[in-house]
Every structure is written in structure tokens, then in C-alpha cells.
Amino acid sequence: MDVVVGQLFTGLSIGSILLLAALGLSLTFGQMGVINMAHGEFIMAGSYTAYVVQQVVSTGGASLFISLIVGFLVGGAMGVLLEVTLIQRMYHRPLDTLLVTFGVGLVLQQLARDIFGAPAVNVVSPGWLSGGVEILGAVVPKTRIFILVLAIICVVALSFALKTTPMGRRIRAVVQNRDLAETSGISSRKTDISTFFIGSGLAGVAGVALTLIGSTSSTVGQSYLIDAFLVVVVGGLGQIKGAVIAAFALGTINSFIEYSTTASIAKVIVFVLIVIFLQARPQGLFAVKTRSLV
Amino acid sequence: MPALPSSKFATRALVAPAALAMVGLALTACGSKASDTASGDGGTAAESCVDTSGDTIKVGSLNSLSGTMAISEVTVRDSIALAVEEINAAGGVNGKQIEVVAEDGASEPTIFAEKAEKLISSDCVAAVFGGWTSSSRKAMLPVFEDNDALLYYPVQYEGLEASDNIFYTGATTNQQIIPALDYLKEQGVTSLYLVGSDYVFPQTANREIKAYAEANGIEIKGEDYTPLGSTDFSTIVNKVRSADADAVFNTLNGDSNVAFFREYTNAGLNAADMPVISVSIAEEEVAGIGAQNIAGQLTAWNYYQTVDTPENNKFVADYKAKYGADKPTSDPMEAAYTSVYLWKNTVEKADSFAVSDIQAAADGVSFAAPEGEVVINGDNHHISKTARIGEIRPDGLIYTIWESPAPIEPDPFLETYDWAADLN
């Protein structure tokens, strides 16, 4: 019993981490069609932000919350910078965005290595997040509960912003039909920039959250980028609902398979399952309804 | 029209590497001409081109100065440089000053092999110091054997290897892993859980651990490998917790250790209830993991910065003076430093820089190293080493809590252990 509960919580917590990494990507890749390989490095920027904030503010809960906010702003600012300098020139050439952002990602990794050194740095978690809580016989680390809650808050805030705010409506209009939206007086430039700001900002938040469980090094983003892309593709491009379901499904399936086999085999089986799934539903769980002609 | 600039561009693009290649060829040609004994070239053992006529003698240092291994290997290059500087200041080797040719293996086994070839046949070095990963050593081994040259390899490894052309100055398994198992057994450990990264060193080490466990009545409760760089250990920690073993034997490498120890601590496991003994966490990794996440846990090595010998106090002070007070010293660095002195002592005993003379003279050559006295074994080219179990303390340093009463003779093929008969 406690094994099932334990693995269920493990699955949910892996899922929440996948979701945090994928949420921003779901905006920039799913909604805008930009394959941003530097998304992982925006996550890394969030992690290092947490480290820097901790050096300035001292450790504890305050530095974590400040990091979350600053991490969002740093990630967002880097996203906007990338959009304005490079990506806006190649909106209709998705493969070019892949190559360019891959290069940018490598540059950012080396930059981080030059600034912070190659060995991982240590971000201290606040004291009240250490240890675990016992739920039905299984011990669930508090950091993972915190990340789960954080992921839920991010999803709710993002869907709220997309559904009810004027900016959210503009983003959805541009996604559905860019030309028609422009004809109706929406500045697609401004909308693109704000979409990129939010998407990359969420990567920064994910990076701050990851410092609670793993290493803070220049390659932290790389380990999550592929998984994030999988979540977005399985969920259906541009579908936050799909990303949520896909992230938790992949996390849970992975944790149960890993428990009965090994980490390497679990990874292989999950990949095979995804390939089979995409054969049956190439559009992912949910497909976005667009009014564009392509 | 657009065809014109692009074809011009293509021509230029082709010419540049061709020109570079020709310059390269010319340079290599010069290299072999300078050594008048060099006979043509080709696969079979070329005559050594080492120039012993001048006041200096060249040696090579070959470490990853770029790529993923650079962080570890740069420290090794630095400690080789420190040893060379000291030896030169004290009058050199056989009256000659040592000149180091440093090359970058770039974390790629194939580049290690290429650079080793270059150091031997075009720089004509008398010996090469370096290498870290087992794959880099395996790639260099045929190069050193074909050219009949010498490599000093400073890192603990999985054993089951010996070559006349390599001196292994790091630990082999009977000087690190088996003493660790002996220590655990002495502490009353009767069951173990094995966690490792999915590649050659952990797999081989765990094969040896399982054979030992079977012979000594220790139960293996579970065995898990994660892909290199893996960062999610929640399931493995759940498994470890429910397996309820007496201790965990950790052969994870690199960043995975950070995620593993954080998860371990947060799941409520600790060194008092279920200690973790690690074989590849050194002083420089503890800071990244966070000392509070790993304090109290155990490591098995032959050297720690805190080892209290006059030789080590001098080594640590000199290293910090040269490279910075915040730079820790680690086991592979100490082994690399030691290997330069072992080469010097062997050369002086042989009174020759020739490879065959060094091989003949090597047996019994000793050095008062920072870790304690070490002696070369002429049969397998490994050295005797003191085994040390260390405890990681909150200050981030590792302190010896047990050490072997005397240096342990190297036994790379585990021939003296009955239970290891099936491993080779």
C-alpha cells in the first residue's frame, strides 16, 4: 500500500517538475511555433538567479520567494532579448529557429561556466522545506509538495491570464490567425514579445524550483529540455490542458515502471509508449483549433 | 548570379583546411627530422626520438582542458605543474631541467589518442602524465604500447588491467573498494544497496562487490543504475528506503550525486540509520552537493586534504600558495603529483631516460608521498597505497576515520581473493 501511495506521489511530483519545465515551452513552441532550444538555458538562468539572490539576501524562505519573482523577470528578459534580436527575423522558418537557439543555448552554457565555474553550486533550501511528510505510510519530501503547489499556481495563473486579460485575448487571437488579428488592430509584434516574456519567465520559475531538488550547474536545463518537448507534443501543441495531463501521466507511468524495473529501462519504455501514442494521435491529446489556412 | 559568390566561397572553404593540413604535415616532418633516429613511420614500435643531449628533458601532460571533464582534469594538470616546478628548483632530473608540453584531451577519448601520438612522435617526450576517464585510458593504451612509450595514469579505476607501458598511480579496486567493504563488514553491515551510474566503472565495481558479498555473507538488497547526468532519484530513494539495507554503496558520478543526496536527506534518511559510502566524491564536489546534505556520510579514497603528514602539509600549502587558498586538493591530484616524483626517482635509479631502462628499474622505487610512502610494483606497474575511509564533516572537508595499518600491495586482477576467480 505505502509503495503504491509513495510511487503515486513520486509520479505526481515528477509530473509537476515536467509541467513547470514545459509550461513556458507550451506557449512559445505550441502557440507560436518557435522551436526554442535555449529554453533549457532559461531554466538554467532561473537556477543561477536563485543562487545569486541567496548570496545577496542570505538563506531562508525570503530568498526563495524573491528568487521566484526575480527568476521570472530574468527568464522573461532573456526571452525578450532573444526574440527581439534573433527569433523575430525567422518566424516562418521553424528549422532555422531550432539551429539558432541551439547555438544560443551553447553560448549561454559556456557563459554560465565562465561566470560561476564548472562545478555545481549549492543553493540551500529553506529550513521549513527540509525533511518529509508522512502520508499513508509513505514519506513525501516537503520540497516536492512545494513544487507541486507551485506548478498548480503557475497553471492557474497562466490560464487565467490567457482567458480573461486583454493581453491573453490578444495572444490567442494572434495564435488563431495572425493576419486577421493584425487587420483588427492588434500589434502582433507587441503580442509576440509579451508571449515570449511570459513563456521564458515560466522557464526561470522552473529553474528556481529545480534548485530545491537537483544540482545547480550549467547543464541543468539540458536534462529537462527533451522531457519538456515531449510533454508539449504529447499534450497537443499550444494546449495547457494537454500539457497538464501529459506531464502527470508521463510522471506517473515513469515512476511505476521505474519501481518495477530500472531507471534506464523506464526511460526506454516511456519513449516507446510515446512513439506508439503519437502513431495513433499525431496531433497529441488535444489539437488547437486555428482559423489560419495552413 | 548567386552561384558565383557561393562557389567562390566554397573554393575558399576548401583551400583553407588544405593549407592548414599542409602546414601541419610540414611541421610533423620537421619534428621527425629533428630526431635523427626516427625511422620513417608506421605502426610498429618506432625508435624513440627522445632528445637527451641538451640541458632539458621534455615530458608531456595530457588532460582535458576543455569539455565536460575539464573541471576535474585541470586540477590534475596544475598539480603536475607544481611537482615539475619543485623538481626543477631542486636541480631537475639527472641534472636536466624538466620542460612540460601540455596538451588538451578535450574530454574525448579519440583526441586523447591523437594527442598522445603527437606527444610521443613529434614532441618526443620522455613520459606522459595524464588521463582520467577509463575510456580515455583505454583509447591511449594501444598508442603507448605501439610506440613503446610511458604513460603515468593518476586516477582510481575498475582494475582488471595491466600494461608495461602504463604506470597506474591511482588506486585499483583492492586498494579502495575492497577495503571499503572490509570496513563495512567490520562495522556489522550485513546488507547493502548498490546505486551507480550506468557505465563501465560502476558496472564493473558492482560485479566485484556482489562477488565479495556472496563470499562474505552480505546480502545485496537491490542494485540500481541511472543514466549519466540523471537528476530524478525519487523512485530509487523510495526503493532504498523500503529495502531497509544496512548501508548504501554509491558509485554515481558527477551531478547525479547532488540530486541523490538531496533526495536522500529530504526523504528522512541519514548517515546514522543508513550510511552511504561513495567512491567518487572528492573535496571539490562536496560544496556543490551542500555539506549539510552529505555531512556524516562516508567516502573511500587513499588521500584527503586533511591527511596529517609533513609531506601533505607542505603539498597543501604549496598548492594553495600557487593556485589560491580556496582550492582544495584531492586524491587524483595527489596521485598525479606523486607520479612525477616516481618517474624522477625511477630515472635516477636507472640513470637513463630510456623506456626499457625505466621499466627494468621500476620495481621497488619509492616516494614519500603526501598520502604516505608508496612503492612501485614492477610486475603490474601499480603502486602500493594506504586505503582510507573518510567521513564528510559540515566544514566540507573529509576526515580519515579508518586507515589500513600499512600500504596495500596492488592486485589489479584480484588474484589473491578466492571469490574473485570468476571475474576475469
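Which residues of helix 8 of chain B are buried? They are S256(B), N257(B), V258(B), A259(B), F260(B), F261(B), R262(B), E263(B), Y264(B) and N266(B). Buried here means under 20% relative accessible area, exposed means over 50%, and partly exposed is in between, with a 1.4 Å probe and protein chains only. That makes 10 of the 11 residues of helix 8 (residues 256-266), so the helix is largely enclosed by the rest of the structure. After helix 8 of chain B comes G268(B), with a positive phi near 85°.

Some ground rules. This is a predicted model, where local features need pLDDT of at least 70, side-chain atom pairs count only at pLDDT 80 or more, and totals for chains, interfaces and linings use all residues. Residues are numbered from 1 along each chain as its sequence is written, chains are lettered from A and ligands numbered from 1 in the order in which they are written, and side-chain values use heavy atoms, leaving out hydrogens and water.

Chain B overall. It has 13 helices and 14 strands. Both are DSSP runs numbered from the N terminus: helices are H or I with at least four residues, strands are E with at least two. Of the 424 residues in chain B, 54% are buried. The accessible surface of chain B is about 16,700 Å², and carbon and sulfur atoms hold 55% of that. Those areas come from the Shrake-Rupley method with a 1.4 Å probe; for residues, only the protein chains shown count as cover. Now contacts, meaning heavy atoms within 4.5 Å. Among contacts in chain B with a separation of 6 or more, 67% link residues 24 or more positions apart.

On to the sheets. Two strands pair if DSSP finds at least two bridges between them. One open sheet of chain B has five strands, ordered 2-1-3-4-5, with parallel pairing. Strand 2 (97-104) and strand 5 (166-168) of chain B are at the edges with a single partner strand each, so one side of each has no neighbour in the sheet. From one strand to the next, the twist averages 25°. Strand 1 and strand 3 (residues 128-130) of chain B run parallel and share three bridges. There, S61(B) sits opposite F129(B) of strand 3. Helix 12 (residues 331-350) of chain B packs on this sheet and touches strand 1, strand 2, strand 3 and strand 4 (151-153). The direction of helix 12 makes about 160° with that of strand 3 of chain B. Axes are lines fitted to C-alpha atoms, for helices over the stretch in contact, and angles run from 0 to 180 degrees between N-to-C directions.

The other open sheet has seven strands of chain B, in the order 7-6-8-9-10-13-14, and its pairing is mixed. Strand 7 (219-226) and strand 14 of chain B are its edge strands, each pairing on one side only. Strand 6 (residues 191-197) and strand 7 of chain B run parallel, joined by seven bridges. L192(B) has I220(B) as its bridge partner in strand 7.

Two loop residues next. Is S64(B) buried or exposed? At 0% relative accessibility, S64(B) is buried. S64(B) is in the loop between strand 1 and helix 2 (70-89) of chain B. The S64(B) side chain reaches the backbone nitrogen of S107(B) at 2.9 Å. Beyond four places in sequence, S64(B) has contacts including E73(B), D104(B) and F112(B).

D51(B) is in the loop between helix 1 (3-34) and strand 1 (56-63) of chain B. At 49% relative accessibility, D51(B) is partly exposed. The side chains of D51(B) and S53(B) make a polar contact of 2.6 Å. A polar contact is a pair of N or O atoms within 3.5 Å; within protein, one must be able to donate a hydrogen and the other to accept it, and residues adjacent in sequence count only if both atoms are side-chain atoms. Beyond four places in sequence, D51(B) is in contact with T56(B), I57(B) and C124(B).
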